[in-house]
Amino acid sequence: MNALAQLGMVSELPSNNQTSSIAASHEEERTDYFVERDGEKFAGMHLLVDLWEAVNLDDPAKIDATLCEAAVTAGATILHSHFHHFSPNGGVSGVVVLAESHISIHTWPERNFAAVDIFMCGACDPHLAIPVMQRLFQAQRVLVDEQRRGRTSV
């Protein structure tokens with residue numbers, strides 16, 4: 001764990017969303033944040049977003065700021081983010097870790113392509129993150145595949 005912390009990959013302190021009150025009653029019902037919609041109960045919505053003919057794919061700071069803004073716009077709580085730039089002109093890989101799950105990205109500037117993974121549970125709406133990303137990346141083609149993760153019977 002210390003090696004990850006030195007790389008800036010582990011938050012030293014938990015956010016308020018990760019802690020619970022010790023004085024809380026054991027009688028309180030524990031919330032699992034599963035969603036009920038259209039007769040289904042599931043853990044959360046998982047979007048796989050392909051951005052084609054995109055720009056601004058090689059700046060980790062801009063990508064970090066944009067994905068954090070996208071997370072907040074979708075109603076998520078940011079716990080930590082980490083981005084890696086492969087070379088001065090190369091792609092970026094990174095993740096924004098959320099209390100509600102994550103947003104990750106891998107970019108290929110040489111192909112004007114980015115693969116984005118958005119998984120959110122609870123009341124978040126991951127679809128709201130897409131227009132925020134579209135503003136930075138200006139993709140001419142956006143393909144979205146949607147999956148409901150952790151489906152259970154209602």
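**Notes on strands, core, rings and cysteines**

1. Strands β5 and β6 run antiparallel to each other and are paired over six bridges; two strands count as paired if DSSP finds at least two bridges between them. A hairpin of two residues connects β5 to β6, and V97 lies opposite H102 in β6. Strands here are DSSP runs (E, at least two residues), as helices are (H or I, at least four), and both are numbered from the N terminus.

2. A word on the source: this is a predicted model, in which local features need pLDDT of at least 70 and side-chain atom pairs count only at pLDDT 80 or more, while totals for chains, interfaces and linings use all residues. Residues are numbered from 1 along each chain as its sequence is written, and side-chain values use heavy atoms, with hydrogens and water left out.

3. On its other pairing, β5 meets strand β4 (residues 78-85), again in the antiparallel sense, over seven bridges. Six residues make up the hairpin that joins β4 to β5, and H82 faces V95 in β5. Is β5 mostly covered or mostly open? Mostly covered: five of its seven residues are buried, where buried means under 20% relative accessible area, exposed means over 50% and partly exposed is in between (1.4 Å probe, protein chains only).

4. The largest nonpolar core has 33 residues, and L67, I103, I118, M133 and F137 touch the most other members. Such a core is a set of buried Ala, Val, Leu, Ile, Met, Phe, Trp, Tyr and Cys residues joined through side-chain atoms within 4.5 Å. At least two residues each come from β3, α2 (60-73), β5 (92-98), β6 (101-108), β7 and α3 (129-137). Which element gives the most to this core? That is α3, with six residues.

5. L67 deserves a look of its own. Apart from neighbours within four places in sequence, L67 is in contact (heavy atoms within 4.5 Å) with F83, V96, I103, I105, M133 and F137.

6. Now the rings. Rings of Phe, Tyr and Trp (its six-membered ring) pair if their centres lie within 6.5 Å; planes under 30 degrees apart are stacked, over 60 edge-to-face, and the rest tilted. The count comes to two aromatic pairs. One is W52 with F113, tilted, at 4.2 Å centre to centre and 35 degrees between the planes. This pair links distant parts of the chain, since W52 is in strand β3 (residues 44-52) and F113 is in strand β7 (residues 113-121), 61 residues apart. F113 is also in a tilted pair with W108, at 5.4 Å and 35 degrees. Together, W52, W108 and F113 form one aromatic cluster.

7. How covered is that cluster? F113 counts as buried at 12% relative accessibility. W52 is partly exposed at 27%, and W108 is partly exposed at 36%.

8. Finally, the cysteines. A search of the whole structure gives zero disulfides, a disulfide being a pair of cysteine sulfur atoms within 2.5 Å. For C124, the nearest cysteine sulfur is that of C121, 6.8 Å away. C124 is buried at 8% relative accessible area, and C68 also counts as buried, at 17%.
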